[in-house]
Amino acid sequence: MKLNSKIPSGPIEKKWEEHKFELKLVNPANKRKYSVIVVGTGLAGASASASLAELGYKVKTFCFQDSPRRAHSIAAQGGINAAKNYKNDGDSVYRLFYDTIKGGDFRAREANVYRLAEVSVNIIDQCVAQGVPFAREYGGYLSNRSFGGALVSRTFYARGQTGQQLLLGAYSALSRQIGLGAVEMYPRTEMLDLVVVDGHAKGIVTRNLVTGKIEAHAADAVVLATGGYGNVFFLSTNAMGCNVTATYRAYKKGALFGNPCFTQIHPTCIPVSGDYQSKLTLMSESLRNDGRIWVPKKKGDTRPPHEIPEDERDYYLERKYPSYGNLAPRDISSRSAKEVCDEGRGVGPGGLGVYLDFSDAIKRLGEDVIRDRYGNLFDMYQRITNENPYKVPMRIYPAVHYTMGGLWVDYNLMSNLPGLHVIGEANFSDHGANRLGASALMQGLADGYFILPYTIGDYFANSGGKKVSTDHPEFKKALEDAETRTKKFLSINGKRTVDSFHKELGKIMWDYCGMARNKAGLQIALKRIPEIRAEFWENVKVLGSNEEVNVSLEKAGRVADFLEFAELMCIDALNREESCGGHFRTEYQTEDGEAKRNDEKFCYVSAWQYNGEGKKPTEIKEELVFENVKLTQRSYK
Amino acid sequence: MAEMLHLKLKVWRQKNANDKGHFEEIDAPNISVHASFLEMLDIVNERLEQEGKEPIAFDHDCREGICGMCSMVINGRPHGHLAGTTTCQLHMHNFQSGDTIVIEPWRAKAFPVLKDLMVDRSAFDYIMQAGGFISVNTGGAPDANAIPIPKVKADLAMDAAACIGCGACVAACKNASAMLFVAAKVSQFALLPQGQVERKERVKKMLAAMDEAGFGNCTNQYECEAACPKEISVGFIARMNKEYLNAVTSSD
């Protein structure tokens, strides 16, 4: 298979403009003849559903939560980038483009990233018009702050709840279309499979999570906006329900999966406190402005922190990265924390934590100043840990946060399966090997509001509009498959719970395909994963029946897919013999421990093709061409 | 403080919407004080499943206090006794060994129980669909800085917009009123210049939808504010009443 990314020719700043003109249009009166299925109601899915319905398409939207407003975009704290240059500090579309492509360690497409930067300015306008209460200055104009990596102030925010406010904006636009009858909304409905007819995505199979009813839905196009797969690690900052099923099922039906090994580990999260832990809570990275990170010099030092004298502490980031110190970038900080803990110098329960100490800052600035800057975060920390961070240093540890990989899409956000569009975190396209802060919200809304509504029409206008109904044999087969699978889960009646398998898988992934990876470890994982999967299918216990609310059954379906997907991640990580962004192979590092890219051999996207159960997937390469930026080695010293 | 708690749970079990439902007593030994309330239920569920008993169904998702999905009445109080806290952010160090904890679903006519602690809150979506938006299509919005908004008003709008739509206000109210939820949305838009055009229509439509969905009315006891995990002020209810009065008594 040869991949066609459909990147338009011409100078980068003209590509999108000219492409929009080249795209075929659907007559306004004909739009109602086309139906679209949108799965997921986060920033990407909600904004796409609303925008497509406004254009006149018939939209059916699905989410597994009880309301579209709950999707996990809601949890994003920091902000959203936009090249508005309201601060007059030298920002521009080109600068946002450059920062993003460099932040991704040169593993993303130039054209996509440039377009993202270009439409970023429209997003802010749209959100303000919807009534999103962004932070403002006393003069009434919008306020900005700076964010990790950038030298300009371009991040718009709504207190520490930017994701919530943006999602509620998109949800209100979606609600309006539901009220008008233009969107048919299916909450508490989970996608179980994709239906492909004559090579085109024509529908999905779903399960109603209240009644258990398994149903088929046909449409002229399918849009997946189902988020990332961070929960393959069991513990992550993702919501409990986040899963890979929709994108993995599409992969099994022929869609290519791009760069699955690119995952982002966030350095400042509250550490795991016990084996009952269900998720990890992020603490804003801004804390590292005033907190100093350290561990004891001695291994297994169990003294309380205040009893450890200054000369027996190792402020390892300040020691190793004297110029950046505690503000070293995310991937470096995360890996360094893991290193000291692996050496046996970690603190807290299980030795998996490092101190983030504010005592110097409190001495220097006073408790009131610290409270003013970080009060809400300190409160949250105290609520969870029952420790007072004004008196005792915080304990932090890295956690899985975001997945840059996802289904492969072309410039039109369409996968290699015609009709299947993939937007937001679910696709692979814009963040390369590492995502910069405040860029995920930008991408979700760019895709949903300003890109897909243009490009999907081109598919309809070109595809000739062959209509398929759910009577088609492919739908019948997909329905049967879903029913058989459900019955299988309920009939195994083994001894272990679904969660116990998920936790076991998560530990393997964290140990061997987490912050640092190497050949030997990945080979262990590739041996263990099929064993766990085999045991799962023989020994999992799923109680209850299909025809009711059955949480274990829901989880069983998701974990079964994680158990297959995990293998693909490890295959990709093993295959990519270089370090870049979040993908750190210990064999490939510079003398001072930085990620060492191999642009000669790996300046491409790995798009994986499914070849059937038990068969190795085929790697299809999309070479990345850089016409505008120069590939450089990132250095933080 | 002891690291492990031994608790007695009295949990509402209800097979489906038609079942009458009952309390079930569940012994819960060895619960770490570091676990969250929902993790405590995860542990209990894991044990129930091992014994071949069906786990307790409850809604939850983000587990960081923002999605609004978790919803249970703990010892008679929605989201438990800690002020400004969702159930998922309530940790077990707030309980003592030997405690009996009574866990119930939201109870309101407009929120029928689906199973155990899980209720159907689609009535909130229905209210939003009636008018909880500014009618602006994608594209064509003016520059974001074209209309300055006084910081005080923008901040107040944000106070209202912080609502997570969990429904604790309804569960706390003896009338099962949704006034605080509706007032938060009405106030957010009424405070912003972008919301002015539809200001009167919006409040009328949203309140009509609220009545239609089967929520009760407000008798000013402020239980809603006390239960709200985001501490949304009842001052917004007064603001909404003013909005409504203005909408029905004045003409344009």
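Predicted model: local features only at pLDDT ≥ 70, side-chain atom pairs only at ≥ 80, totals over all residues.

User: How many helices and strands does chain A have?

Analyst: Chain A contains 16 helices and 19 strands. Along the principal axes, its C-alpha atoms occupy a box of roughly 75 × 60 × 50 Å.

User: What does the radius of gyration of chain A agree with?

Analyst: The value is set against that of a compact globule with the same number of residues: for 637 residues, such a globule would be near 26 Å, and the 24 Å of chain A agrees with this.

User: Let us turn to domains. Into which domains is chain A divided?

Analyst: Chain A has domain 1, residues 266-400, and domain 2, residues 473-603. The C-alpha centres of these two domains of chain A are 30 Å apart. Contact between them involves five residues of domain 1 and five residues of domain 2. On the domain 1 side of chain A, helix 8 (residues 330-342) supplies the largest share, four residues. By class, that side of domain 1 consists of one nonpolar, one polar and three charged residues.

User: How many residues of domain 1 of chain B are in contact with domain 2 of chain B?

Analyst: The assignment for chain B gives domain 1 as 4-104 and domain 2 as 122-249. Their centres, taken over C-alpha atoms, are separated by 30 Å. Twelve residues of domain 1 of chain B touch ten residues of domain 2 of chain B. The side contributed by domain 1 of chain B has four nonpolar, seven polar and one charged.

User: How is the size of an interface often given?

Analyst: In general, it is often expressed as the accessible area lost when the parts come together. Here, residue counts describe the contact: 65 residues come from chain A and 66 residues from chain B. Several elements of chain A give two or more residues to this side, including helix 4 (110-130), helix 10 (367-385) and helix 15 (551-575). Helix 5 of chain A gives the most, with nine residues. The side of chain A that touches chain B comprises 26 nonpolar, 25 polar and 14 charged residues.

User: Are helix 13 and helix 14 of chain A roughly parallel or roughly antiparallel?

Analyst: Angles over 145 degrees count as roughly antiparallel. Helix 13 (residues 498-513) and helix 14 (residues 519-539) of chain A pack at about 170°, with axes 9 Å apart; helix 13 of chain A is therefore roughly antiparallel to helix 14 of chain A. Their contact includes A:Phe501, A:Leu505 and A:Ile508 from helix 13, with A:Ile529, A:Ile532 and A:Phe536 from helix 14. The residues of this contact in chain A are twelve nonpolar, one polar and two charged.

Notes: Residues numbered from 1 in each chain as written. Chains lettered and ligands numbered in written order. Domains from an automatic or database assignment. Contact = placed C-beta atoms within 7 Å. Nonpolar A, V, L, I, M, F, W, Y, C, P; charged D, E, K, R; others polar. Rg over C-alpha atoms; globule rule 2.2 N^0.38 Å. Axes fitted to C-alpha atoms, helices over the stretch in contact; angles between N-to-C directions. Parallel < 35°, antiparallel > 145°, perpendicular 65-115°, else oblique.
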